[in-house]
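Please open the model in a viewer and keep the selection panel at hand.

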Amino acid sequence: MKFHQLPLRQLERHLKPHSTPFSPQLSRPLSTTSHPSRLLSQSSTWIGPRRSPRFARAYSTVIPASNLLFGQPVHETHPHLLAAGELTPGITAQEYHERRAALCQSLPPDSAVLLPSATLKYRSGAVFYPFRQESNFLYLTGFSESDSLAVLKRTGDEFGDYTFHLYCRPKDPKAEQWNGPWSGVDAARDVWNADQAGDIGRVEGLLADALKGVKKIFTDADLTKYGVPTKFGNLVRSAAPNATTAPLKSHVNVLRAVKSPAEIANMRRAGQASGRALTEAMRRPWKYEKELAAFLEYQYQMSGLDGQAYIPVVAGGPKALLIHYVLNNGTLNDSEFVLVDAGGEYGTYITDITRTWPVSGKFTQAQKDLYNAVLRAQRSSVSLCRASANVTLDKLHQITENALRDQLQQLGFTLNGDAMGVLFPHHVGHYIGLDVHDVPGYPRNVILKEGHCITIEPGIYVPDDERWPKAFRGLGIRIEDSVCVDDDSPLILTTEAVKEVGDIEALRD
């Protein structure tokens, strides 16, 4: 694919007679970003049945794209969400092309990538969860519909030498009346820039042609289960019987781990709004965990985010010792801490924040002492989130654990044996991006460089046990920020969430 960024063109759709405005039958739809060859013919008409030469007549009904419905927002229908040229918030068609080109260039000759979409998940009976696209599929296509298959085929050695096939559901007015709109095959080609697009229902006959000449297929889809070929495995074997297969994940992880400026901007927007929501929550007294959780989700939506990035932890008192407590149905007592691990997302890019504060708004001396111990370690490790520090996530964990050990010993903790494993049982951080725990399988022993985005989240969880100083028993504290590694300084994506003792207490003054 030789892709060039082109000026925005207004989408138009040409309706066939008798199609409805709800779900038009698309002839050659125009796109915000297309191949140069598609600029040559931008209008078409429908030629009615020829009764005789005398009655031959052309009909054309043109409606603006803003009046149409797609399976996801596009600029013409949602200019409040997408700028011209963007396929998803903040991410342009050009960037999606460059991701595909970089992936294909990293693979061996005569290879292809198969990316099945996610499937709709059901909560119970006919009640389904909101659809969430498979992350690698989304990262490489920007297409957010189920029942789809993307194929990338390397065609040469130069950057951009690949073809992009996208198979999806064709337009179906009757089905869309019940299930909501989807984008259709023409839009896959002309909006999402597939070189070839087709009906997913006919993929058995289309895939063999797409994989012609391919010797190695990269995919993370299940080809077998319990030793038996899956339906998808049989499809691949039938389409390319002589091709070998290999996992795709590690190749995409290398790309996804280092964020582009546009990705960082999305994560910064999510971090900023989420941090403000948390700070606003600290201003207020709360009686119930669920009310605090609901307030945060409301704030995310009202600030322009997509919603919450994950089920939050809102843990009052000793429940903070449960790392992933998500029941959020307890009461909050003024004499205790509340630990909140929560964040929103924007354009499917997440933020991850944890703050711990006294429900009353004022720290007791013991709360303040232990809190500041965690905070000092956290600030020190955040300062090392820069390429010039030449550290890995694993190294940051060691540094953080050592800092926590020193702080705790000053508070009178005896730290023999497995003490640190009890008090600080989790890693100091993880990668973030499209997923909360991003690029699964990407190692933590990689030297951090500009564009890596991680969390720094030291925590101390003191069991109610005579082994520990009495004043601190039952306290759980975690302080977490999302941080982007820059060359010589960290970019804290969540700085709006206050964390200094004086700043937290001042919120209630």
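No disulfide (a pair of cysteine sulfur atoms within 2.5 Å) is found in a search of the whole structure. The model is predicted, so local features need pLDDT of at least 70 and side-chain atom pairs count only at pLDDT 80 or more, while totals for chains, interfaces and linings use all residues. Residues are numbered from 1 along each chain as its sequence is written, and side-chain values use heavy atoms, with hydrogens and water left out.

Select cysteine 453 and cysteine 484. The closest cysteine sulfur to that of cysteine 453 is the one in cysteine 484, at 3.5 Å, which is too far for a bond.

Next, select valine 191. Its place is the loop between helix H4 (185–190) and strand S12 (196–199); helices (H or I, at least four residues) and strands (E, at least two) are DSSP runs, numbered from the N terminus. Valine 191 is buried, at 3% relative accessibility.

Finally, select aspartate 486. This residue lies in the loop between strand S26 (481–485) and strand S27 (490–492). Is aspartate 486 buried or partly exposed? Aspartate 486 is partly exposed, with a relative accessible area of 31%.

Notes:
Buried means under 20% relative accessible area, exposed over 50%, partly exposed in between (1.4 Å probe, protein chains only).
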